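Please read it alongside the sequence and the coordinates.

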Amino acid sequence: MTKNTVACNWYPVYTQPRAEKKACQALMSKGITAYLPLQRQLKQWSDRKKWVEEPLIKSYIFVYVDGQQRADVLMTKGVSRFIYFSGKIATIPHQHIEDLKLLLASPYELSVTEENLQAGEKVLIKAGPLKGMTGEIILYRSQKQLALKLENLGYSIIVNIAAELIERF
């Protein structure tokens, strides 16, 4: 790494409640790379139904910054704080962000849980849009499902996937 090269990392940032979209826009208007994973959901009101984009993980945004830009992130309207893990600001591997983008682009139904899921049998997805991704089989609500864990967040992403699309390794 040369002297002029600045090392950037992905960091999870906690936002004020229901401020994820506005905080993400404010970060991007400052020139900060921000990623807010959104998922389409059908919302029911008393008089109508409507498809809306909701944050996959409530009150979380991911920012790609260097150490000097972290102060700019904290001074952004809607941003509360960085997430800490073991006393240090948590970093997210670039591949986890790419996997998350791939999951959201897939036709599979996703759900997020704060439950501490127990590690199980490791599997590889062998077909479909998630081909090549790895995860763990878990028993959750009496169904076999593939769980891809996002480390350093305390969350697990659960993907409903047919058993014939996975293989043990």
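## Surface and overall make-up

The protein exposes about 10,500 Å², of which carbon and sulfur atoms supply 49%. The model is a predicted one, and every value given here is computed from it. Of the 169 residues of the protein, 40% count as buried, and the secondary structure comes to 3 helices and 14 strands.

An open sheet is formed by 4 strands in the order S2-S5-S1-S6, and the pairing is antiparallel. Its edge strands are S2 (33-35) and S6 (79-82), each of which pairs on one side only. On average, and with direction ignored, neighbouring strands of this sheet are turned by 35° against each other.

Strand S1, which covers residues 9-15, is joined to S6 by 3 bridges, and the two strands run antiparallel. Helix H3 packs on the sheet, where it touches S1, S2 and S5, and its direction makes about 50° with that of S2. Helix H1 (residues 20-29) lies across S1, S2, S5 and S6 and runs at about 10° to S5.

What is the bridge partner of Thr-15 in S6? The partner is Val-79. Thr-15 itself is found in strand S1, and it counts as buried because its relative accessibility is 0%, where buried means under 20%. Leaving aside neighbours within four places in sequence, Thr-15 is in contact with Glu-20 and Ala-23, with Ser-59, Tyr-60 and Ile-61, and with Gly-78, Val-79 and Ser-80.

Ala-90 is found in the loop between strand S8 (88-89) and H3. With a relative accessibility of 3%, Ala-90 counts as buried. The C-alpha atom of Ala-90 is separated by 6.8 Å from that of Pro-12, although the two residues are 78 residues apart along the chain.

## Two nonpolar cores

The largest nonpolar core has 24 residues, and those touching the most other members are Phe-62, Leu-103, Leu-130, Ile-157, Val-159 and Ile-161. The elements that give two or more residues to this core are strand S5 (60-65), helix H3 (94-105), strand S10 (122-125) and strand S13 (155-159). A second, separate core has 14 residues, including Tyr-11, Val-13, Leu-36 and Ile-61.

Leu-130, one of the residues that touch the most other members of the largest core, has its place in the loop between S10 and strand S11 (134-140). Is Leu-130 buried or exposed? At 0% relative accessibility, Leu-130 counts as buried. With neighbours within four places in sequence left aside, the contacts of Leu-130 are Leu-102, Leu-103, Ser-106, Tyr-108, Ile-125 and Val-159. For one of these pairs, Leu-130 and Leu-102, the C-alpha to C-alpha separation is 7.0 Å, while the two are 28 residues apart in sequence.

## Charged pairs

By the rule applied here, the count comes to 3 salt bridges.

| Side chains | N to O distance |
|---|---|
| Asp-47 and Arg-48 | 3.1 Å |
| Glu-54 and Lys-58 | 3.5 Å |
| Lys-101 and Glu-98 | 3.9 Å |

The accessibility of the partners can be considered pair by pair. In the salt bridge of Asp-47 with Arg-48, Asp-47 counts as exposed at 61% relative accessibility, whereas Arg-48 is partly exposed, with a relative accessible area of 42%. In the salt bridge of Glu-54 with Lys-58, Glu-54 is buried because its relative accessible area is 14%, and buried means under 20%; Lys-58, at 47% relative accessibility, counts as partly exposed.

Where do Lys-101 and Glu-98 lie? Both are in helix H3, 3 residues apart, which is about one turn of the helix. Lys-101 counts as partly exposed at 32% relative accessibility, and Glu-98 is partly exposed as well, with a relative accessible area of 31%.

Terms used: Residues numbered from 1 in each chain as written. Predicted model: local features only at pLDDT ≥ 70, side-chain atom pairs only at ≥ 80, totals over all residues. Heavy atoms only, no water. Core = buried A, V, L, I, M, F, W, Y, C linked by side-chain atoms within 4.5 Å. Buried < 20%, exposed > 50% of the residue type's maximum accessible area, 1.4 Å probe, protein only. Areas by Shrake-Rupley, 256 points an atom, 1.4 Å probe, with all protein chains shown as cover. Salt bridge = Lys/Arg side-chain N within 4 Å of Asp/Glu carboxyl O. Pairing = 2+ DSSP bridges. Axes fitted to C-alpha atoms, helices over the stretch in contact; angles between N-to-C directions. Contact = heavy atoms within 4.5 Å.
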